[in-house]
Amino acid sequence: MTIRVNIALPVLNEEVVLEDAVRQVVDACAFSLPEEEVTVIISDNGSEDRTAEIGKRLAAEISGVRYLRVGETGKGIAIRGAWQSEEADVYVFMDIDLSTDLGALPDLVRTARECGGMAIGSRFHRESKVTRSFVRRLVSFGYRWYLRAVLRTKVNDAPCGFKAATDEVVFNIMPFVRDERWFFDTELVIRAERGGYEIREMPIVWSERAVAGRESKVNVLKLSLEYARKVMDLKKRLK
């Protein structure tokens, strides 16, 4: 039986990296998922640069690539829109900077299917190889500690932008996820875990990426404070 895979690439003003990233993802799928029916969805949540132009051109040129414009800004809105637009057996999302090496993609898909829940690339896995700044490492450890302390989760790296979920999780859990921005996938993980689905973390090769001409969308201090608030809000909702 052919396995259908939906890969969401949420983007916002990513004209600098979009074409190269999409072609890398397509090539990786052709090489490592040759038997699967893969759809790569460029999910644009409000870009004001040439992202739309590039995305539409890539969709016209490359089989299996689609461009989707969603109505509002928010990574969660972009992922949800992409996943809802094309039915699949396994739903994947990854950050467009491709910090996670795509060599892990087939294992991500296979692991999600095997466990029946979600597979997550984990920078805290003992076999992972991670290159990042001291500040990013410190913030990541802080997120991990805080999430585990407040929500009692067993997941080590819920924020990592390299995840796969089965159709069961997407159909049964995603409708209850309320966050529509960057916390979307963390909330999905926590709700899936609370719902009894197995969450497997797998080793990855992860590198902090800096690309000339691409502005970082991460304000570490602001994001940390917002993360703390969102975790507490989720705790209240889960009660």
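This briefing walks through the overall build of the chain and then a few spots worth a look. The model is predicted: local features need pLDDT of at least 70, side-chain atom pairs count only at pLDDT 80 or more, and totals for chains, interfaces and linings use all residues. Residues are numbered from 1 along each chain as its sequence is written, and side-chain values use heavy atoms, with hydrogens and water left out.

**The whole chain**

- The protein chain has eight helices and nine strands; helices (H or I, at least four residues) and strands (E, at least two) are DSSP runs, numbered from the N terminus.
- For 239 residues, a compact globule would have a radius of gyration near 18 Å, and the 17 Å of the protein chain agrees with that. That radius is taken over C-alpha atoms, and the globule rule is 2.2 Å times the number of residues to the power 0.38.
- Along the principal axes, the C-alpha atoms of the protein chain fill a box of roughly 50 × 45 × 35 Å.
- Buried residues make up 50% of the 239 residues in the protein chain. Here buried means under 20% relative accessible area, exposed means over 50%, and partly exposed is in between (1.4 Å probe, protein chains only).
- Take the contacts (heavy atoms within 4.5 Å) in the protein chain with a separation of 6 or more: residues 24 or more positions apart account for 80% of them.

**Surface and charge**

- The accessible surface of the protein chain comes to about 11,700 Å², and 49% of that belongs to carbon and sulfur atoms. These areas come from the Shrake-Rupley method with a 1.4 Å probe; for residues, only the protein chains shown count as cover.
- The protein chain carries 37 positive and 37 negative charges, and their mean positions are 8 Å apart. Lys and Arg count as positive and Asp and Glu as negative, while His and the chain ends are not counted. Each charge is placed at NZ of Lys, CZ of Arg, CG of Asp or CD of Glu.

**Helix H3, tucked inside**

- Helix H3 (residues 75-85) is largely enclosed by the rest of the structure, because eight of its eleven residues are buried.
- The buried ones in H3 are Gly-76, Ile-77, Ala-78, Ile-79, Arg-80, Gly-81, Ala-82 and Trp-83.
- They pack against strands E1 (4-11), E2 (37-44), E3 (65-69) and E4 (90-94), plus helices H6 (167-172) and H7 (184-194).

- Ser-140 lies in helix H5 (residues 134-151) and is buried, with a relative accessible area of 6%.
- Not counting residues up to four places away in sequence, Ser-140 touches Arg-123, Phe-124, Arg-132 and Asp-157.
- Arg-200 lies in strand E8 (residues 199-203) and counts as partly exposed at 29% relative accessibility.
- Leaving aside neighbours within four places in sequence, the contacts of Arg-200 include Thr-111, Glu-114 and Met-118. Glu-114 is 86 residues from Arg-200 along the chain, yet their C-alpha atoms are separated by 9.7 Å.

**Two loop residues with positive phi**

- Most residues other than glycine have a negative phi.
- Asn-13 is not a glycine, but has a positive phi of about 55°. Its place is in the loop between E1 and helix H1 (18-32), and Asn-13 is partly exposed at 34% relative accessible area.
- Arg-152 also has a positive phi of about 55° without being a glycine. Arg-152 lies in the loop between H5 and strand E7 (162-166) and is exposed, with a relative accessible area of 68%.
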